[in-house]
Amino acid sequence: MTGKRNTSLTYKDAGVDIDAGDALVEAIKPLAASTKRPGCDADLGGFGALFDLKAAGFEDPVLVAATDGAGTKLKIAIETGLLETIGIDLVAMCVNDLVVQGAEPLFFLDYFATSALKVEEAGKVVSGIAEGCRQAGCGLIGGETAEMPGLYGKGDFDIAGFSVGAVEREKILNGSGVEAGDTILGIASTGIHSNGYSLVRKLVERLGVGYDRPAPFDGSKSLGEALLTPTRIYVRQCLAGLKTGHIEALAHITGGGIVENLPRVLPKGVVAEIDADRWPLPAVFQWIMEEANLPPQEMCRTFNCGIGMIAVVDPDHAAEIVAALGSEGDAVFEIGRIAPYQPGKPATTVTGAPGTWDRAEPWTARSADEGSPA
C-alpha cells in the first residue's frame, strides 16, 4: 500500500488535461471577439460574463431566455468528422426560439463536454458556434468546456447552448392579436434542420448506406454533408418583419412539425388551415418519406417538411411582410389562413398531397388593385 501511495497520480493521469483546456480558451478568444456587438465585449476567461442592456439601446426591456442542444444530428457530425457547422445548429435552435417572442438575441454561452479534450476538434465546433452568433447578431460571451472521462465514451462529446434576448415590454409577441382571416406565411427551411435525426440515422442504418457515399437526393454532396446542412437562423429576417408592426405571431417549426408548433402561438377561438400544395417538398424529405414509407401525417408531425419558420400576419400588409421576411434571400410562401374555431376541429389542419408539393411556386403578393391575398 505504501508503494502505491508514493506513486504520483495527477489530474492528467485521470484523463483531464488542464493544459488542453487552456489552449482551447486561447484558440477561441478571436472567435468570440468576432461576435462583439453593442452591450458586450465578448471577452473570455472571467468567472461570469457581463452584458449592458442600456448600451444595447433598450429602454424598458423584458429578458427572454432559451436553451437547447443539437440533438442526435451531432452523432452524424462525430461519425463523419464534419464538425464545422454543427455549432450553427446549436445557436439556431436557441436564437430562433427567442425571436418568435419578438426578442433580439443579445448573447450566447456554450457548453462542450467530452471524454478527452481534443483542441482542434473542439475548435471546429466553437468556430461554428461563433458563425451562428454572427448570423444571429449576438455575442459569444462565455461558455464551459468539461472533460469527463468515464461519463462519455471514447471520441464522444456533447454540446448545449444558452441564449438571452430582450424585447421592449410593449412589443412582446404572444399571438394574442391573431384573428380569423389572418394570412399564414412560411419561410423555407434549409433541410431537416435539427429535429428528426434519430429516425434519419435509423433509416441510414437500415439502408446500409455510408455517410461518405453520394446523397441519393443530392449528387453534388456526400450523404453526410447533405444531412449536416445547418439549421437556418431566421433572426435578421424576422426582426425585419417585426419592424413592420403587422406580424401577429411567429412559430419556429422544430420537433413536432407544423401541426405541433403552430398551435402554440394561436389564441383560443381560432384554428390554422395549411395547404401543403403551396410550397415545394425538398428532395431530402421526399427521400425520407419514400424510403421510410412514412404517411404524410407522420411526416408533418416529425419534420419541418420545408418550412422552418411561420408568421401569422395581417393580410392587408402581407406584401410588405413578405418582402421583409425575404430580405435575407429566403423563399417565402403563403401557406394558409387563420379560420374561426369549430367544435371538433383540430387546432391545425394540413391538406394537400405531398406528391404535388414539387409543383408549388413561391407566393408573390398581388397588386393593391387586385385585393389582399385570399
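Which side chain makes a polar contact with the side chain of Ser-189? The legends below walk through this predicted model, and the third one gives the reply.

View 1. Of the 374 residues in the chain, 47% are buried. Among contacts between residues at least 6 apart in sequence, 84% join residues at least 24 apart. The accessible surface comes to about 17,400 Å², and carbon and sulfur atoms account for 50% of that surface.

**View 2. Helix H5, residues 119–136.** This helix has 18 residues and spans 25 Å from its first C-alpha to its last, close to the expected 26 Å. Its buried residues include three glycines you can pick out along the helix, Gly-123, Gly-128 and Gly-132. Also buried are Val-125, Val-126, Ile-129 and Cys-133, as well as Glu-121.

**View 3. Ser-189 and its surroundings.** Look for Ser-189 in the loop between strand S5 (183–188) and helix H6 (197–207). Its relative accessible area is 13%, under the 20% cut-off, so Ser-189 counts as buried. The opening question is settled here: the side chain of Asn-304 is the partner, at 2.9 Å from the side chain of Ser-189 in a polar contact. Leaving aside neighbours within four places in sequence, Ser-189 is also in contact with Tyr-234, Phe-285, Gly-306, Ile-307 and Gly-308.

How values were computed:
Residues are numbered from 1 along each chain as its sequence is written. This is a predicted model: local features need pLDDT of at least 70, side-chain atom pairs count only at pLDDT 80 or more; totals for chains, interfaces and linings use all residues. Side-chain values use heavy atoms; hydrogens and water are left out. Helices (H or I, at least four residues) and strands (E, at least two) are DSSP runs, numbered from the N terminus. The expected span of a helix is 1.5 Å times one less than its number of residues. Buried means under 20% relative accessible area, exposed over 50%, partly exposed in between (1.4 Å probe, protein chains only). A polar contact is a pair of N or O atoms within 3.5 Å; within protein, one must be able to donate a hydrogen and the other to accept it, and residues adjacent in sequence count only if both atoms are side-chain atoms. Contact means heavy atoms within 4.5 Å. Accessible areas come from the Shrake-Rupley method with a 1.4 Å probe; for residues, only the protein chains shown count as cover.
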